[in-house]
Amino acid sequence: MANTANTADVTEVSDADFDAEVLGAELPVLVKFTADWCGPCRQLVPVLQAIAEEERHRLKIVQIDVDRNPDTTVRYGVLATPTLMVFRAGEPVKSIVGARPKRRLLQELEDVLAQAPR
């Protein structure tokens, strides 16, 4: 079923557009390094969709497939999936490995969200 208009989506990025979409973004960006075969990555889908919707004015959320985008994966030293990495002003500022429930993930992102414009 297609998403309705006006919802913030977790968009897919690639090696080719990572710099433009993530490093050049005005908002902080949470990047989910993921893989099709990763069970915990699938568990994070509804969590990140909900956060993308609720925090769309303060946080951009994207995902990148580690198997199809090895350059970016190696560039940031990602060794496990899911890895969540937050970028601000083109720099990685936080890294979280593993799936989390929404409430816990929001707690871990509190410092990032507090500095973002409302």
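The model is a predicted one, with local features needing pLDDT of at least 70, side-chain atom pairs counting only at pLDDT 80 or more, and totals for chains, interfaces and linings using all residues. Residues are numbered from 1 along each chain as its sequence is written, and side-chain values use heavy atoms, with hydrogens and water left out.

Five helices and five strands make up the elements of the protein, counted as DSSP runs (H or I, at least four residues, for helices; E, at least two, for strands) numbered from the N terminus. Their order from the N terminus on is β-α-β-α-β-α-β-β-α-α. As for burial, 43% of the 118 residues count as buried, that is, under 20% relative accessible area with a 1.4 Å probe and protein chains only.

Now to the rings: the structure holds three aromatic pairs, where rings of Phe, Tyr and Trp (its six-membered ring) pair if their centres lie within 6.5 Å, with planes under 30 degrees apart stacked, over 60 edge-to-face and the rest tilted. Phe18 and Tyr76 form a tilted pair, because their ring centres sit 5.6 Å apart with the planes at 40°. Phe18 belongs to helix H1 (residues 18-23) and Tyr76 to the loop between helix H3 (70-75) and strand E4 (83-88), so this pair ties together parts 58 residues apart in sequence. The rings of Phe18 and Phe87 also have their centres 5.6 Å apart, but their planes are at 80°, so that pair is edge-to-face. With Phe87 in strand E4, the pair ties helix H1 to a part 69 residues apart in sequence. Phe18 is buried at a relative accessible area of 0%, Phe87 is buried at 1% and Tyr76 is buried at 18%.

Key. Buried < 20%, exposed > 50% of the residue type's maximum accessible area, 1.4 Å probe, protein only.
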